[in-house]
Amino acid sequence: MRDNESHIIDEILNGRTFRYEYFVGTYSRQVFATIVRIIDKPEDAEELTQDVFMKAFENLSSFNGKSTSATWLYRIAYNTAISAARRSVPVESLIDDRQLTLISDNAVDEALDDDSEEQIEKLNDAIARLSADERALVNMFYMEEQSVSDIAYITGLSVPNAKTKLHRVRKKLYLLMTETKKL
């Protein structure tokens, strides 16, 4: 498929712009899902999805083939959604980074592996309290099953930094879940 998409890109760049429909038809649902998980507003996500495809079309000549076209689109979607989320009301984080170092990985694994209805509800509440960047990482890795290297590319992080951020977000989720438990 990658060769086929490269061929389609070449056709578009050579004036057959109607071929861009392929990318919209193939990736619009996934791009929309990526955006809506970050900003949590379907009506805004629809508009941002259109923006992503316009940006991608306008910058198609800069696509260098170092990643798949899907990953390139997800990067544009991520950046567009994060920018939109930053313009909205920020989520306050009352978690001290030092608290995260005190949490054992085993406790986190145990809490996040518990698939009881109550625990899933706490997890969803905790995810909603994360920043847009953190929600995006969780969604890309766990919901969309993106690889860490793809997440690094999409977010502009290094692979080790992406791994570290995912690890920290897991611990933050644990803290938010246990905080909810106390309420």
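# Reading cavities, pockets and core in a helical model

Guide: The chain exposes about 10,900 Å², of which carbon and sulfur atoms supply 49%. Accessible areas come from the Shrake-Rupley method with a 1.4 Å probe, and for residues only the protein chains shown count as cover. This is a predicted model, in which local features need pLDDT of at least 70 and side-chain atom pairs count only at pLDDT 80 or more, while totals for chains, interfaces and linings use all residues. Residues are numbered from 1 along each chain as its sequence is written, and side-chain values use heavy atoms, with hydrogens and water left out.

Visitor: How many helices and strands does the secondary structure come to?

Guide: Helices (H or I, at least four residues) and strands (E, at least two) are DSSP runs, numbered from the N terminus. Here the chain has ten helices and zero strands. Its C-alpha atoms fill a box of roughly 60 × 30 × 30 Å along the principal axes. The C-alpha atoms of Glu 11 and Asp 97 are 86 residues apart along the chain and separated by 50 Å.

Visitor: Which residues line the largest cavity?

Guide: The lining consists of Ile 9, Tyr 20, Phe 23, Ala 56, Leu 60, Ser 69, Trp 72 and Leu 73. Helix α4 (residues 69-87) gives the most, with three residues. For the classes, Ala, Val, Leu, Ile, Met, Phe, Trp, Tyr, Cys and Pro count as nonpolar, Asp, Glu, Lys and Arg as charged, and the others, Gly among them, as polar. The lining of the largest cavity has seven nonpolar residues, one polar and no charged.

Visitor: What lines the second largest pocket?

Guide: This pocket holds about 300 Å³ of space. It is lined by 18 residues, and the closest to its centre are Asp 133, Glu 134, Leu 137, Lys 165 and Val 169. Helix α4 gives the most to this lining too, with five residues. The lining divides into seven nonpolar, four polar and seven charged residues.

Visitor: How many residues has the largest nonpolar core?

Guide: Buried means under 20% relative accessible area, exposed over 50%, and partly exposed in between (1.4 Å probe, protein chains only). A nonpolar core is a set of buried Ala, Val, Leu, Ile, Met, Phe, Trp, Tyr and Cys residues joined through side-chain atoms within 4.5 Å. The largest has 52 residues, and those with the most contacts inside it are Tyr 27, Val 31, Ile 35, Ile 38 and Ile 39. Helix α4 gives the most to this core, with eleven residues.

Visitor: Is Lys 171 buried or exposed?

Guide: Lys 171 counts as buried because its relative accessibility is 10%. Contact means heavy atoms within 4.5 Å. Leaving aside neighbours within four places in sequence, Lys 171 is in contact with Leu 100, Thr 101, Ile 103, Asp 105 and Val 108.

Definitions and conventions:
On a 1 Å grid over the protein atoms alone, a cavity is a set of points where a 1.4 Å probe fits but cannot get out, and a pocket is an open set with protein on both sides within 12 Å along at least five of seven lines; lining residues have an atom within 4 Å of a point. Grid points are joined across faces, edges and corners, and a volume is the space filled by probe spheres set on the points.
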